[in-house]
Amino acid sequence: MLKGVNLKNPHLNKMPSDFLYHLNINVPNTADTSVIQKQFGDIVAVCAGGTSKRMRELAIYLRPILGIKDDSEPVDLCESGQRYAVYKVGPVLCVSHGVGSSTFSVVLHELLKLVKYAKCQDPVFIRIGTCGGVGVEPGTVVITKDAYNGYLKNEHEIPILGKRVVRPASFPDTLCQEILKYGAKSDDGFNTIIANTMSTDCFYEGQGRTDGAVCEYSDDEKMAFLKECQKKGICNIEMEATMFASLTQKVGVRAADVCVTLINRLNGDQVSITMHEKETFEQRPFSIVGRYIQHLLLN
């Protein structure tokens, strides 16, 4: 049974208007959101990725999948905000979120409010990105089940009002299984797996790399840490999953994290694939998520 989005903030009910500042979208009357509903009320999926370029490409990729005949340049609905790119292709939003949880959390809060005001019914949020693999071949697509932080704990921590707040960080197993079932094909030519993910606040030291500006640990210590990751079922490392899982889990919105590995960290820290290989790999989550959205619209 479809349901609307109910956020965990009683203060929103007292606000006569709401300006989604970073998207530059104004909700002038929260008691009558008919204009927002008309523009965004049909949204069934919100796809988010790091760069505006990748989200523009995703919007173009989804057109034929969604049966949309349009070869015009996609329109960035939030270009005037100069922060995040937002493309709408049929009932799907493609949104850039920058690098890391801090920038993603800003737009995620505002997107959650947007789908609430638009009265979207049971929208699915899906992050599409790149990552480092741990013990898997470059080009493997990983659908995250449990997200671990840099302390190798399956939780997201955030300081709120000077206090440490810890929230669980897992994605719905049913959604992970659905994406694998309807998104992956045996003849894809690459592996798609469900596994755990480590999400860090730092690309270099936080991920145990030895090629940053500062490094105070040995290669052996790095490898021991990566082996500990493997023991917890962690097959990839990125910078958004714990926040994404915890916030969507908190508000009861279905969400998934679908990323392609560009490197096997057990073999080194430098991304050595060619730009052509990188672009080819980046298309892999597109195909997985595209097929899943196609299934979603038919059921």
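Contact means heavy atoms within 4.5 Å. The views below come from a predicted model, in which local features need pLDDT of at least 70, side-chain atom pairs count only at pLDDT 80 or more, and totals for chains, interfaces and linings use all residues. Residues are numbered from 1 along each chain as its sequence is written, and side-chain values use heavy atoms, with hydrogens and water left out.

**View 1. Val 92 and the largest nonpolar core.** A nonpolar core is a set of buried Ala, Val, Leu, Ile, Met, Phe, Trp, Tyr and Cys residues joined through side-chain atoms within 4.5 Å. Buried means under 20% relative accessible area, exposed over 50%, and partly exposed in between (1.4 Å probe, protein chains only). The largest core holds 71 residues. Val 92 is among those with the most contacts inside it, as are Leu 23, Leu 93, Cys 94, Leu 111 and Phe 125. Helix 3 contributes the most to this core, eight residues. Helices (H or I, at least four residues) and strands (E, at least two) are DSSP runs, numbered from the N terminus. Beyond four places in sequence, Val 92 contacts Ile 43, Ala 45, Cys 47, Leu 62, Leu 66, Tyr 87 and Ile 293. A separate core has eight residues, including Met 198, Leu 226, Cys 229 and Ile 237.

**View 2. The largest pocket.** On a 1 Å grid over the protein atoms alone, a pocket is an open set of points where a 1.4 Å probe fits, with protein on both sides within 12 Å along at least five of seven lines; lining residues have an atom within 4 Å of a point. Grid points are joined across faces, edges and corners, and a volume is the space filled by probe spheres set on the points. Helix 3 (101-117), strand 8 (155-160) and helix 6 (241-251) each give two or more residues to the lining. By class, the lining has 11 nonpolar, 13 polar and six charged residues. Ala, Val, Leu, Ile, Met, Phe, Trp, Tyr, Cys and Pro count as nonpolar, Asp, Glu, Lys and Arg as charged, and the others, Gly among them, as polar.

**View 3. The second largest pocket.** This pocket has a volume of about 470 Å³. Of its 23 lining residues, Val 99, Thr 130, Cys 131, Phe 203 and Leu 262 are the closest to the centre. Strand 6 (124-133), strand 11 (234-238) and strand 12 (255-264) each supply two or more. Strand 6 gives the largest share, five residues. The lining divides into eight nonpolar, nine polar and six charged residues.

**View 4. Arg 54 in helix 2.** Helix 2 spans residues 52-65 and includes Arg 54. Arg 54 is buried, at 10% relative accessible area. Leaving out residues up to four places away in sequence, it touches Ile 128, Gly 129, Thr 130, Glu 282 and Phe 286.

View 5. A disulfide is a pair of cysteine sulfur atoms within 2.5 Å. The count is zero. The closest cysteine sulfur to that of Cys 78 belongs to Cys 94, 12 Å away, so the gap is too far for a bond. Cys 176 is in no disulfide either, with the nearest cysteine sulfur, that of Cys 259, 12 Å away. Cys 78 is buried at 1% relative accessibility, and Cys 176 is buried at 0%.
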